[in-house]
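Try each task before reading its solution.

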Amino acid sequence: MFTETPVDAAAARPAATTAPTVAPAATPGGAPIPHAVGVSDDEFRAALSRLAAGVVLITAHDPDAGPRGEDAGMTATAFLSVSLDPPLVMVSVRNGSRMDDLLAEQPLWAVSVLSGHQRQIAGRFAMKGRISDRLLFEDIAHVRGEASGAPLIGGALATLECRTEQRVTAGDHTLVIGRVLATGIPNEDDGPLTYFRGRYRQLG
């Protein structure tokens, strides 16, 4: 239902760690074969692509990667608030992805809500097949969150630092629910980066 990058949101989005899209099986006449109950993959993607979504960068620090550890990032559109009391948010990550594996071990992570002028950052962390995220962070202004130890992107509309409270497997994704430990508003003047019908867009 969700996919990890622009992409972590349902069929409609590319994935911040997306694997190549695999076309659904088809009948001899070429029509997609629907799932046992429900619509075909293509029909699902097409419908969900009409849902505009905000774009965020999910980050976490892997302390076990090298002598100083390594930061990891994932572009996501399947991110939302869950509760005010306590303050909870949720992100959907693709099962078996780098971020899924890391958050299974690292309970602390962060969210940077990207502005309309940060499209390049979203695309960078949505690239398929990248070996390491270390170089991706080098020329991006960021600070390390005090509560999470994860990178917080400069110029983001807002930042949130979280601790995982619950993980729920849902189909080919895992829903990671986190308690918000700290927030920040680095940029109050820009508009949001959104994802609609397969493209990043700015409001206005």
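**Exercise 1. Find which residues have the most contacts inside the largest nonpolar core.**

Solution. Start with the term: a nonpolar core is a set of buried Ala, Val, Leu, Ile, Met, Phe, Trp, Tyr and Cys residues joined through side-chain atoms within 4.5 Å. Buried means under 20% relative accessible area, exposed over 50%, partly exposed in between (1.4 Å probe, protein chains only). The largest core has 18 residues. Those with the most contacts inside it are Ile-58, Met-74, Val-91, Met-99, Trp-109, Val-111 and Cys-162. Among the elements giving it two or more residues are β2 (56–62), α3 (98–105) and β9 (158–170). Helices (H or I, at least four residues) and strands (E, at least two) are DSSP runs, numbered from the N terminus.

This is a predicted model: local features need pLDDT of at least 70, side-chain atom pairs count only at pLDDT 80 or more, and totals for chains, interfaces and linings use all residues. Residues are numbered from 1 along each chain as its sequence is written, and side-chain values use heavy atoms, leaving out hydrogens and water.

**Exercise 2. Decide whether Tyr-200 is buried or exposed.**

Solution. Locate Tyr-200 in strand β12 (residues 199–202). Its relative accessibility is 14%, so Tyr-200 counts as buried. Tyr-200 also belongs to a second, separate core of 14 residues.

**Exercise 3. Give the strand order of the open sheet.**

Solution. Two strands pair if DSSP finds at least two bridges between them. The seven strands run β3-β2-β6-β9-β10-β5-β4, with antiparallel pairing. At the edges, β3 and β4 (79–83) each pair on one side only. Inside the sheet order, β9 and β10 pair over eleven bridges.
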